[in-house]
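I opened this model to look at one chain and its contacts. My notes follow the order in which I looked things up.

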Amino acid sequence: MRLQLQVRSQPSRAMTALSPVIAIALTVCVGGVIFAARGLDPLHALYVYFVEPVTTMWSIEELIVKAAPLVLIGAGLAVCFRANLWNIGAEGQFTAGAIAGGAIPVMAPDLGPWVSLPLMLALGMLGGMAWAAVPALLRNRFGTNEILTSLMLVYVAQYLLDWLVRGPWRDPHGFNFPKTVAFQDWHLLPTLGFGRVHLGAVFAVIAVVVLFVLMSRTLKGFEIRVSGDAPRAAGFGGFSRPRTVWFCFGLAGALAGLAGICEAAGPIGQLQPHISPGYGFTAIIVAFLGRLNPIGVLLAGIVLAISYLGGEAVQVELGLSDKTAKVFQGVLLFFILACDTLIRYRVRWVAGRR
Amino acid sequence: MRTLFAALTGLALSLAVGVASGADKLKVGYIYIGPIGDHGWTYQHNEGRLAVEAAFGDKVEVVYVENVPEGPDAERAITRLARDGAGIIFTTSFGYMDPTNRVAKNFPDVKFEHNTGYKRQSDNVSTYNARFYEGRYVIGQIAARMSKSGVAGYIASFPIPEVVRGINSFMLGAQSVNPDFKLKVVWVSTWFDPGKEADAAKVLIGQGADIITQHTDSTAPLQIAAEQGAHAFGQASDMIKFAPDTQLTAIVNNWAPYYVARVQAVMDGTWQSHDVWDGMSAGMVTMAPYTNLPDDVAAVAKETEAKITSGDFHPFTGPIHNQAGEMVIGEGEVLDDGVLLGMNWYVKGIDDKLPQ
Amino acid sequence: MTALEAVLLTIITASTPLLLAAIGELVVERSGVLNLGVEGMMVMGAVCGFAGAHITGSAAVGVVAGLGAGVAMSLVFGFLTQTLVTNQVATGLALTLFGLGLSGLIGESFTGLPGVKLTAIHIPGLSDLPFVGPVLFGHDVLVYASIAITVLVAWVLTRTRIGLVIRATGGNHHSAHALGYNVVAVRYACIAFGGACAGLAGAYLALAYTPQWIENMTAGRGWIALALVVFATWAPFRVAVGAYLFGTVWIMGLYVQGIGIGIPAQLLAALPYLVTIAALVLISGNRVLTKMNTPACIGQPFVPDR
């Protein structure tokens with residue numbers, strides 16, 4: 001007996017809707033077993049993990065706070081990946097954006113309230129873009145593989161931030177601890193609702209809508225898709241590959257940079273050595289979970305955010321270690337990815353060998 | 001829309017209150033920066049947590065969240081504990097300072113204890129830290145007595161005052177025995193990377209150091225020292241079982257008495273905001289048993305430890321000169337806590353240039 | 001021991017796990033598969049290697065256990081990406097997440113326990129030579145294995161039929177399929193080989209580098225290994241050069257600090273990455289060099305149409 005896949009003539013609509021349901025059902029089963037093995041009531045544990053994060057206003061708001069940067073970065077990455085460009089350095093672009101935008105409160109704290117914030121956001125986007133421009137340039141100019149350069153630049157950005165907040169940008173009244181001055185009120189993004197939800201969430205939604213329109217309704221979107229699926233055809237069609245590279249990296253970098261400055265000027269409120277719990281890398285998963293579709297990215301970002309919040313909830317309420325939460329998260333991703341196969345393929349058990 | 005919002009908030013609040021009033025036990029919360037199994041910083045905080053459980057048994061419920069990054073996630077994790085009905089919350093890393101203070105404003109009835117910070121923006125926040133440098137002076141003395149080459153290697157994490165203070169104290173201790181003692185410092189830019197710490201230890205030993213000390217969390221440097229026939233000191237916890245023939249002693253972060261006392265204070269209703277910086281005298285810093293040492297060296301170390309514990313001696317007693325040779329403090333005087341807390345200069349005799 | 005000897009030895013230990021993991025991933029990528037889960041397989045190799053050695057008291061058992069764990073993890077990846085044709089990038093990242101979590105769970109009962117050290121092989125005569133002895137002939141089995149595997153991979157890829165099949169699979173899976181090769185089976189085998197090497201790299205960390213188990217003890221080395229493969233433009237000997245270059249820059253960063261030169265530690269820490277980018281730019285300036293080995297089908301799914 002072995003598994004065999006058969007390509008469907010066209011993606012199954014039923015499965016497009018059903019596959020996440022099947023994935024979650026499978027995860028729930030396996031998760032229940034994992035929780036039971038750890039000596040917990042599986043039903044209660046699953047409730048705490050999946051349902052509780054959306055039962056109170058507070059946790060819904062926190063969910064949005066967590067999902068916003070993931071969606072913002074993931075949406076840009078989805079465009080990159082559609083063009084078959086492997087930008088896996090969003091974490092570095094995120095950091096660069098936070099550094100560039102954070103320069104205003106640190107170096108020009110007296111700039112007026114109305115100028116500061118827009119300038120910070122613009123600089124954040126530019127910073128991310130500049131960081132992403134390096135792999136784009138190296139790829140266009142020398143044909144250097146962008147996976148490696150973008151990844152390496154992550155470390156460089158993190159060390160740059162580290163050096164800044166421990167050296168020149170250190171808060172002079174902060175007992176030489178590694179952080180910048182706390183941003184003033186007018187440097188901080190306005191919040192919405194009761195808690196920590198900030199303007200970054202709105203930017204994320206805008207980005208999703210704009211990119212959805214761009215990718216599905218415009219010539220640019222068509223160019224990107226063709227350039228990714230069939231580069232030779234794109235060349236014959238008069239689409240310039242280097243231009244696509246510049247555009248996609250610039251876009252993804254700008255959105256990652258925006259996410260970076262939104263975190264610095266949002267929930268964190270200053271620059272410090274660690275500003276991202278791996279958002280740039282998690283966003284890669286988000287982009288693929290969302291099937292490289294901006295709307296899908298939005299949903300995938302929320303799913304990932306739930307899995308983080310749920311992981312924390314089971315730690316606090318059930319005393320489960322965060323390793324169990326990580327394993328569970330891995331399993332969830334495996335199932336979601338595996339079930340997506342059902343959309344484009346029919347899965348059959350075939351007897352014997354071929 | 002507005003009514004729906006109001007209804008939802010009402011529901012949220014009632015749920016939160018329901019949880020809070022449902023328990024008559026005192027809920028104690030901990031936020032950890034690393035995994036409990038790091039055998040360094042977080043491990044020792046967790047030992048303190050276990051001591052609270054042991055001391056109060058059924059009267060407390062202790063919860064923790066580990067591996068909480070010092071970013072936006074910290075504020076959420078702390079809020080979660082507060083909403084969950086915790087009566088007192090210990091946040092055990094410097095980077096939690098601002099999140100702790102922000103959450104404290106929203107939960108005036110919950111007590112917050114922040115480790116290693118200095119901000120107390122509302123009267124339900126305390127800060128606490130330990131004078132680890134007291135232990136560093138003792139091991140500096142031991143190092144100078146035990147070293148044949150007259151060179152020690154120091155594996156440092158990040159150039160923050162805490163670490164710089166430790167290096168200075170170590171050097172002052174060493175100089176009190178051997179004024180020409182040499183110290184090589186390597187900054188590894190991480191608190192925890194066993195491989196990199198091991199590499200640094202090897203490099204330092206290769207450069208002539210025969211005593212290794214560290215301000216990073218893993219046990220790797222100790223193992224390297226054992227392998228290469230050098231001596232070393234444990235960091236944060238007693239690491240003797242990793243290097244039984246190599247560890248001379250260890251500076252142990254002993255949070256247990258403090259945690260038990262603070263939880264007791266909340267139960268008694270006597271808890272008040274304070275800023276505590278305790279050392280050997282309060283038992284917050286203790287020395288692991290002196291091992292692999294000749295008796296006379298151990299005796300001197302014990303004597304110094306006793307003098308620091310009783311308050312007869314302060315490691316930062318003048319005269320102290322900085323690297324430029326300027327006198328920072330004169331004969332018989334003691335550096336005040338303000339200077340110690342912001343320390344960003346080396347004492348004379350350290351070859352390294354402090355990264356700025 | 002001279003200072004130079006000490007530095008060389010340190011560089012060798014720092015480079016070996018990178019080389020082991022990278023050479024395995026190289027084979028995977030040459031067959032047309034991108035497995036970003038190296039970090040996850042490596043950390044599982046570390047915990048199982050430690051556990052195996054600790055329970056039995058034999059480092060050899062640890063090495064085998066580490067290898068086995070790497071293979072098991074890679075087969076999860078293989079099943080998902082080859083049998084179920086999932087996206088390789090996302091699956092690899094998920095594998096890393098899963099591995100970090102699972103290793104933590106398995107390791108809970110092993111943290112803080114003394115480890116078993118993989119001892120150096122003593123070669124009579126050679127190991128006792130001055131300088132040459134300790135630097136070349138004083139290592140444990142995995143250091144030699146890393147070199148041997150590199151040579152073996154280079155030979156198999158370029159000189160044997162198996163290598164030809166692997167390269168054909170990575171170069172154009174449709175042609176390979178048309179020629180009658182079982183693309184999926186070849187890739188499964190390569191993925192398993194990559195897992196075995198990553199597992200060995202992890203075992204090396206937990207048994208030789210720092211003989212203990214600590215959560216996340218790989219500390220990002222799996223990612224560096226991935227970068228090295230691209231850096232080496234998929235050529236085995238260049239992977240070895242890259243791993244040792246990276247190890248050298250890394251150690252020298254620590255070394256110059258010990259001498260007391262006032263360069264920001266962050267710059268030194270970032271140096272290996274900057275050097276890698278620079279070297280990569282130099283290499284890719286030469287188009288012939290890059291084009292030759294680049295697996296054209298990397299990351300693309302393949303479903304045999306019966």
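**Entry 1: the model.** I note at the start that this is a predicted model.

**Entry 2: overall form.** I looked up the secondary structure of chain A and found 13 helices and two strands. I then took the span of the C-alpha trace along its principal axes, which is about 75 × 60 × 30 Å. I count 59% of the 354 residues of chain A as buried. Among contacts in chain A with a separation of 6 or more, 78% join residues 24 or more positions apart.

**Entry 3: domains.** I find chain A divided into domain 1 (1-40 + 320-354) and domain 2 (67-316). Their C-alpha centres lie 30 Å apart. Domain 1 of chain A gives eight residues to the contact between them, and domain 2 of chain A gives seven. On the domain 1 side I list five nonpolar residues, one polar and two charged.

**Entry 4: chain A against chain C.** How many residues does the contact take from each chain? I get 37 from chain A and 37 from chain C. On the chain A side, strand S1 (2-7) and helices H5 (113-142), H6 (146-166), H11 (279-289) and H13 (322-344) each supply at least two residues. H13(A) has the largest share, 13 residues. I sorted the chain A side by residue type: 25 are nonpolar, eight polar and four charged.

Technical notes:
Residues numbered from 1 in each chain as written. Chains lettered and ligands numbered in written order. Predicted model: local features only at pLDDT ≥ 70, side-chain atom pairs only at ≥ 80, totals over all residues. Contact = placed C-beta atoms within 7 Å. Helix = DSSP H or I, 4+ residues; strand = E, 2+ residues; numbered from the N terminus. Nonpolar A, V, L, I, M, F, W, Y, C, P; charged D, E, K, R; others polar. Domains from an automatic or database assignment. Buried ≥ 20, exposed ≤ 12 C-beta atoms within 10 Å, placed from the backbone.
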